[in-house]
Amino acid sequence: GGKIELDEQGELWGTLKENATRLVDIESIKHYKDEEYLNRFIKYQNILHSYGITTISLIDEEKLEMPLELYRRLEIDNKLKLKVVYGVTIMPYDVCKKTICEQIHHLKRNRILYKTDLFDVATTKFFADGIIDMETAYLFKPYESIDGISEKVNGIFRGDMLELKGGIGMANRLEFNVCIHAAGDFACKLA
């Protein structure tokens, strides 16, 4: 399932949740030219600086990715003025066809290749479950049915518990920051 958020007038306002994000043609967005990425980033950086923000943390799902070499280019050209702490969402094998170990080693490789004074590949993010709105957050007790028709479900635990724990341990050993998305009470306890 998925959800498209609407405002009080029933108009779209920009929030897509879970499978609804698949309605966006990511491929058309991925084809920015390098100069477009650079110009948009500099504009974004200027907006952040106007609010006094000097550091950002980006966690990418490798869907909309500014090529990492462009951060280095910004720094070489003395245009990178934000500290950027970059990370990647580590996905279960059935989603991306890469093991957690392969994904973390790829992240480690990128840290070696792209780390600078202002840019660091430093964060891993794992998903334990989904979100409450879509009844995919993993709960101790089943969701209560509003319409009396819905099945009694506890939500979804994403992936395998041993694989998740192993991935978190590996990320810690390689000195990556670890973020865990856990919305439901049972997912929070397991995380």
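Modeller: A cavity here is a set of grid points where a 1.4 Å probe fits but cannot get out. The model is a predicted one. Searching the whole structure turns up one cavity of 30 Å³ or more. The space in this largest cavity comes to about 90 Å³.

The lining consists of I90, M91, P92, I100, F126, F127, R158, G159, D160, E163 and L164. Two elements, β5 (119–127) and α6 (161–173), each give at least two residues to that lining.

Next, a helix contact. Helix α2 (residues 34–50) packs against helix α3 (residues 68–76) at an angle of about 60°. Their axes are 11 Å apart. The crossing of α2 past α3 is right-handed. From α2 come D34, E35, Y37, L38, F41 and I42. They meet L70, Y71, R73 and L74 of α3. This contact of α2 with α3 has seven nonpolar residues, three charged and no polar.

Last, the aromatic rings. Rings count as a pair if their centres lie within 6.5 Å. The count by that rule is eight aromatic pairs. Take Y138 and F186: their ring centres are 4.9 Å apart and their planes lie at 15°, so this pair is stacked. The cut-off for stacked is under 30 degrees. Y138 sits in the loop between β5 and α6, and F186 in helix α7 (residues 185–190). The two are 48 residues apart, so the pair links distant parts of the chain.

Key. Residues are numbered from 1 along each chain as its sequence is written. This is a predicted model: local features need pLDDT of at least 70, side-chain atom pairs count only at pLDDT 80 or more; totals for chains, interfaces and linings use all residues. Side-chain values use heavy atoms; hydrogens and water are left out. On a 1 Å grid over the protein atoms alone, a cavity is a set of points where a 1.4 Å probe fits but cannot get out, and a pocket is an open set with protein on both sides within 12 Å along at least five of seven lines; lining residues have an atom within 4 Å of a point. Grid points are joined across faces, edges and corners, and a volume is the space filled by probe spheres set on the points. Helices (H or I, at least four residues) and strands (E, at least two) are DSSP runs, numbered from the N terminus. Axes are lines fitted to C-alpha atoms, for helices over the stretch in contact, and angles run from 0 to 180 degrees between N-to-C directions. A crossing is left-handed if the near helix is turned anticlockwise from the far one by less than a right angle, and right-handed if clockwise. Contact means heavy atoms within 4.5 Å. Ala, Val, Leu, Ile, Met, Phe, Trp, Tyr, Cys and Pro count as nonpolar, Asp, Glu, Lys and Arg as charged, and the others, Gly among them, as polar. Rings of Phe, Tyr and Trp (its six-membered ring) pair if their centres lie within 6.5 Å; planes under 30 degrees apart count as stacked, over 60 as edge-to-face and the rest as tilted.
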